[in-house]
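This report concerns the packing and side-chain interactions of one protein chain. Please consult the sequence and the model shown below while reading.

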Amino acid sequence: ENLLGKGPGSRLWGLRSEEKLAYNVNAQVTQMKDAGILEAYLETDATKTGAAAEALKKVLSDLFVKGLGEEELQIAKVSTMAQFLRLSETKDKRASTFVIFEGLGLGYDFFTKFPQELEAVTLTDLNAHIKNILAPEKASLVIVGPKK
């Protein structure tokens with residue numbers, strides 16, 4: 001989600017900042033024990049829906065086909081670690097993170113292992129994961145808003 005749509009430098013950001021196809025871009029992962037959902041989305045004007053949908057498909061297709069490079073992997077790791085720290089800053093949020101790790105079968109102590117696990121991710125590992133999760137046959141396009 002950080003690589004794809006969390007702010008400046010993410011893959012979707014250019015659709016907002018340069019192509020002016022959206023006023024908001026984002027990506028979010030919902031992780032489950034044996035599955036998950038990756039949502040990549042744009043908020044746009046109704047008049048730009050078609051062009052924005054095509055541009056989103058192209059970004060996802062390019063990532064699927066080409067993968068990412070070492071520099072982009074390092075940026076994604078830093079961004080992911082920063083988000084992890086922000087989301088675990090308060091006691092209640094940290095407790096929530098412990099519960100999520102328990103529910104995923106990782107154990108609450110994964111909290112302290114997370115930085116090392118993140119650093120251990122290789123470019124080969126992540127590109128293989130991208131090939132799996134961004135396979136076109138797994139994608140769905142949902143448009144929310146007025147029909148016109």
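The sections that follow treat the nonpolar cores, the strand pairing, the salt bridges and the aromatic contacts in turn.

The model is predicted: local features require pLDDT of at least 70 and side-chain atom pairs count only at pLDDT 80 or more, while totals for chains, interfaces and linings use all residues. Residues are numbered from 1 along each chain as its sequence is written, and side-chain values use heavy atoms, with hydrogens and water left out.

**Nonpolar cores**

A nonpolar core is taken as a set of buried Ala, Val, Leu, Ile, Met, Phe, Trp, Tyr and Cys residues joined through side-chain atoms within 4.5 Å. Buried means under 20% relative accessible area, exposed over 50%, and partly exposed in between, for a 1.4 Å probe and protein chains only. The largest such core has 21 residues, of which L3, L4, L12, L15, L42, L63 and I130 touch the most other members. Two or more residues come from each of α1 (2-5), β1 (24-31), α3 (49-66) and α4 (70-87); helices (H or I, at least four residues) and strands (E, at least two) are DSSP runs numbered from the N terminus. The most is given by α3, with 6 residues. A second, separate core holds 7 residues, including M81, F84, F101 and F111. In soluble globular proteins, nonpolar side chains tend to be buried together.

With contact defined as heavy atoms within 4.5 Å, L42 touches L15, A22, N24, V25, A52 and L56, leaving aside residues up to four places away in sequence.

**Strand pairing**

Strands pair if DSSP finds at least two bridges between them. Strand β1 runs antiparallel to β2 (residues 36-43), and 8 bridges join them. The two strands form a hairpin with 4 residues between them. Within this pairing, Q28 has E39 of β2 as its bridge partner.

**Salt bridges**

A salt bridge places a side-chain nitrogen of Lys or Arg within 4 Å of a carboxyl oxygen of Asp or Glu. The whole structure contains 5 salt bridges, among them those tabulated here.

| Pair | Closest N and O atoms |
|---|---|
| E72 and R11 | 2.7 Å |
| K57 and E54 | 3.5 Å |

Because E72 lies in helix α4 and R11 in the loop between α1 and α2 (13-17), their pair ties together parts that are 61 residues apart in sequence. R11 is partly exposed, at 23% relative accessibility. K57 and E54 are 3 residues apart in helix α3, about one helical turn. Both residues are partly exposed: K57 has a relative accessibility of 42%, and E54 has 49%. D62 and K58 also lie in helix α3, 4 residues apart, again about one turn. D62 is partly exposed at 24%.

**Aromatic contacts**

Rings of Phe, Tyr and Trp (its six-membered ring) pair if their centres lie within 6.5 Å; planes under 30 degrees apart count as stacked, over 60 as edge-to-face and the rest as tilted. The count comes to 7 aromatic pairs. F84 and F101 are stacked, 6.5 Å centre to centre with 25° between the planes. This pair links distant parts of the chain, 17 residues apart: F84 in helix α4 and F101 in helix α5 (residues 91-103). Both residues are buried.

The rings of F84 and F111 have centres 5.2 Å apart and planes at 45°, so this pair is tilted. Since F111 lies in helix α6 (residues 110-120) and F84 in helix α4, the pair ties together parts 27 residues apart in sequence. F111 counts as buried at 18% relative accessibility. Ring pairs join F84, F98, F101, Y108, F110, F111 and F114 into a cluster.
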